[in-house]
Amino acid sequence: MADEQKEEFISVEILSKISYNWSMGPYSGSLFTEMKENKKIWGIRCPKCKKLLFPPEAMCGYCFTEVKDDWEEIGDEGTIVQFTKAGMPIFDNRTGKFAFSERPLANIQFDKGPYIMHWLEEKDIEKLRLGMRVKAVWREQGRGRGYEDIMYFRIIEEKK
Amino acid sequence: MANRVAIVGVGRSTQAARRPEVNDAEMINEAVRAALADAQIDINKVQAVLTNSIDGFDNFYLGDCLLVDGTGGYMKSGMKLHTGGTVGSTGAIAAFNMVASGMFDIVLTIGHQKQERGNSMGTLCAAAPGEMREFVQGAIGAFAQAAVQYMKNTGAKLEHAGMVRLKADKNACRNPYAHLRLGLKSIDDVAKSPILIWPLRLLDFCPQSCGACALIVASEKVAKKITKKPVWVADHETVHELQSEVVFGGDEEKSQQIAAKRIYKRNGITNPVRDIDCFEVYEPSSWEEMYLYEHFFLCEHNKGWKMIESGVTEIEREVPVNPSGGVLATNAIGATAMLRIAEAALQIRGDAGEHQVTKDVKTTLSSGLGGTNWTTLVLLKRSL
Amino acid sequence: MMTTKPAKPTTAVIFAGQLMLPYRFEAGRTGSRFLRELRDNKKIMGLKCTKCNKVYVPPRSTCKECFSQIDKWIEVGNEGKLLTYTVLRVARDAEKDVLKKQLPVAYGIIKLDRADTGFVHMLGEVDLDKIKVGMRVKAVFREDERKGNILDINYFKPVSKARKR
């Protein structure tokens with residue numbers, strides 16, 4: 001058919017902006033302050049099941065016990081357990097736009113057990129291996145925004 | 001003692017990347033009418049309507065009130081459930097519980113999503129705590145990372161993901177209600193798809209669809225009156241994990257394994273491959289399907305890739321998994337987990353049409369998967 | 001052995017941010033026809049359920065009373081009755097952007113003569129102190145860019161009845 005009259009469907013497109021203010025609570029609040037001022041990462045140990053909770057919270061999600069005061073420094077070194085890198089632009093929900101990810105993303109396990117998801121300094125995927133040891137590279141001037149106060153993790157040596 | 005519960009009607013809308021010719025209520029209405037026609041009952045017989053989707057994923061909220069003109073819920077009882085990817089099955093489970101309680105005889109439950117509308121990855125990442133939002137690359141990020149670890153720990157290769165996609169596509173091409181029906185010929189076709197998030201390709205993931213699914217659930221006395229082929233709900237299970245432990249893959253015990261152990265123990269299932277005839281599992285990524293083979297104890301740990309390689313999970317074979325094409329072919333998230341139950345019910349009835357599995361199906365297992373890896377399971381049977 | 005521990009924060013630590021999420025609403029076949037008629041022909045259309053004898057404006061494809069699918073389109077005219085109203089005097093910037101009107105602005109539920117349902121719209125060319133429930137009103141369409149949305153009707157203005165009391 002030469003002349004097909006296409007039915008017109010009407011749609012409305014908008015970008016909705018939703019602001020939020022996330023209360024961190026006293027435990028994560030302390031963590032954020034320590035990260036900003038002292039470039040230190042802390043977890044809290046559950047008095048009952050002894051799991052090291054990170055990020056720290058008022059209660060242990062595993063055994064439902066209220067935490068006391070058993071803060072422990074986690075350090076800022078760990079091992080790459082998983083990693084990936086976006087090949088196509090990824091939607092950024094903070095800007096509403098698609099953007100290329102500059103760096104690979106990794107799941108890093110601190111030596112004491114908890115995980116953190118963060119960027120890797122090394123941009124070339126071919127150079128990455130599971131099991132590599134990495135260390136946090138901190139912002140010079142902390143902003144009190146927790147994980148954002150670490151810029152990325154740098155490879156320090158390969159763990160065999 | 002709980003009352004027996006059966007699924008007496010199944011309805012599906014067609015699914016596509018965009019459905020501009022219908023608004024939400026109209027799209028849901030398609031599935032509702034199909035379910036009513038399947039059960040051969042009038043909307044007046046329905047006592048309660050559950051409207052289920054993930055708020056925000058398609059920037060749509062309050063479906064239970066805004067969608068009444070399409071759901072048939074006008075002046076009826078009912079509610080909305082909102083969880084994560086499990087919401088379609090959670091909505092079905094809630095309907096089962098309502099009927100089992102004896103307080104309702106016929107309940108209509110609907111799963112829907114219109115993903116042309118919003119950005120579900122953006123909203124999914126928004127589920128992460130504020131301070132984590134910069135670092136989360138959605139579910140795709142989690143799946144890609146898990147795959148890197150899986151390939152290192154086992155003999156799995158990118159080709160195995162291609163085999164899962166090929167099976168899904170072949171099955172989807174036999175299902176008129178599937179969204180992606182690509183007609184792939186070999187795993188080389190999958191290998192040509194661009195890298196979405198290294199090392200995973202676009203075709204290693206599910207699409208974003210617009211669609212709806214509806215189930216009509218009835219008590220035993222009503223079910224036996226209205227249909228010759230009631231599909232009995234034998235059991236269901238839901239298990240959550242901690243948000244802070246979002247690590248797909250790896251060796252730690254997962255919610256899928258806990259849920260499977262519980263439901264198998266309660267129902268005397270000691271050998272799932274022998275005791276269950278067909279599986280409809282929630283696999284947003286072809287890699288997840290391989291893990292689910294392991295998590296549901298269809299094969300040993302770290303051997304899921306061998307299972308897809310063997311072909312034993314094809315429609316004609318002994319352990320058919322996702323004969324409908326699964327989530328890889330169709331994913332209007334709110335509907336998806338309910339479709340796993342709907343498709344399983346059709347298999348038991350022998351009504352799945354071209355994608356009916358070859359073997360006789362008396363027992364099925366349907367799974368749902370949500371956000372930070374929580375699990376629902378529903379066990380259906382032809383007779384209790 | 002670490003002896004120092006993190007101090008409890010003296011003020012609450014708040015993480016502030018924003019989400020920007022896209023949204024697209026599809027009017028559907030039925031809704032699109034209604035909106036196209038507003039835009040192209042300055043006509044207000046309704047859908048009639050012949051079983052219940054009920055006319056829906058804006059149109060919806062399922063009758064809420066009898067659940068049948070309805071597709072009988074009828075023109076409902078531009079005049080009707082004001083069922084109720086309010087006057088908006090304070091609004092945030094985002095709301096003012098949508099309404100594109102100076103405050104204060106009156107809006108209410110209008111039932112057109114041949115419709116059985118009312119819908120919300122704004123009132124214009126009206127003295128805010130003289131609005132009355134039950135007042136007769138008439139649609140005034142935009143003459144410049146109509147876009148295929150409800151604001152293609154600019155507002156409803158009061159009309160006097162031809163008959164005098």
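Me: Which residues does Val107(B) touch, not counting residues up to four places away in sequence?
Reply: The model is a predicted one, and the contacts are taken from its atoms. Val107(B) is among the residues that touch the most other members of the largest nonpolar core. With residues up to four places away in sequence not counted, Val107(B) touches Gln47(B), Ala48(B), Leu50(B), Ala95(B), Met98(B), Val99(B) and Val217(B).

Me: What is the radius of gyration of chain B, and what would a compact globule have?
Reply: Chain B has 15 helices and 11 strands, and its C-alpha trace spans about 55 × 45 × 40 Å along the principal axes. Buried residues account for 63% of its 384 residues, and 79% of the contacts with a separation of 6 or more join residues 24 or more positions apart. For 384 residues, a compact globule would have a radius of gyration near 21 Å; the value for chain B agrees with this, at 19 Å.

Me: Are α7(B) and α12(B) roughly parallel or roughly perpendicular?
Reply: Helix α7 (residues 158–172) and helix α12 (residues 286–295) of chain B pack with their axes 8 Å apart and at an angle of about 90°. Angles of 65 to 115 degrees count as roughly perpendicular. Therefore α7(B) and α12(B) are roughly perpendicular.

Me: Which residues make the contact of α7(B) with α12(B)?
Reply: By class, the residues of this contact are four nonpolar, two polar and two charged. From α7(B) come His160(B), Ala161(B), Val164(B) and Arg165(B). From α12(B) come Ser286(B), Trp287(B), Glu289(B) and Met290(B).

Me: Which element gives the most to the side of chain C that touches chain A?
Reply: In this interface, 28 residues of chain C are in contact with 35 residues of chain A. The side of chain C has 17 nonpolar, five polar and six charged residues. At least two residues each are supplied by β1 (14–26) and α1 (28–41) of chain C. The most, 13 residues, is given by β1(C).

Me: Which element gives the most to the side of chain B that touches chain C?
Reply: This contact takes 23 residues from chain B and 18 residues from chain C. The side of chain B divides into five nonpolar, 10 polar and eight charged residues. Two or more residues are given by each of α1 (24–39), α3 (68–71) and α5 (120–126) of chain B. With three residues, the element that gives the most is α5(B).

Me: Is Ile80(A) buried or exposed?
Reply: Ile80(A) has its place in strand β5 (residues 77–86) of chain A. Leaving aside neighbours within four places in sequence, Ile80(A) is in contact with Ala106(A), Ile108(A), Leu128(A), Leu130(A), Gly131(A), Met132(A) and Val134(A). A residue counts as buried if 20 or more other C-beta atoms lie within 10 Å of its own. Because Ile80(A) has 25 other C-beta atoms within 10 Å, Ile80(A) is buried.

Key
Residues are numbered from 1 along each chain as its sequence is written. Chains are lettered from A and ligands numbered from 1 in the order in which they are written. This is a predicted model: local features need pLDDT of at least 70, side-chain atom pairs count only at pLDDT 80 or more; totals for chains, interfaces and linings use all residues. A nonpolar core is a set of buried Ala, Val, Leu, Ile, Met, Phe, Trp, Tyr and Cys residues joined through C-beta atoms within 7 Å. A residue is buried if 20 or more other C-beta atoms lie within 10 Å of its own, exposed if 12 or fewer, and partly exposed in between; C-beta atoms are placed from the backbone. Two residues are in contact if their C-beta atoms, placed from the backbone, lie within 7 Å. Helices (H or I, at least four residues) and strands (E, at least two) are DSSP runs, numbered from the N terminus. The radius of gyration is taken over C-alpha atoms; the globule rule is 2.2 Å times the number of residues to the power 0.38. Axes are lines fitted to C-alpha atoms, for helices over the stretch in contact, and angles run from 0 to 180 degrees between N-to-C directions. Angles under 35 degrees count as roughly parallel, over 145 as roughly antiparallel, 65 to 115 as roughly perpendicular and the rest as oblique. Ala, Val, Leu, Ile, Met, Phe, Trp, Tyr, Cys and Pro count as nonpolar, Asp, Glu, Lys and Arg as charged, and the others, Gly among them, as polar.
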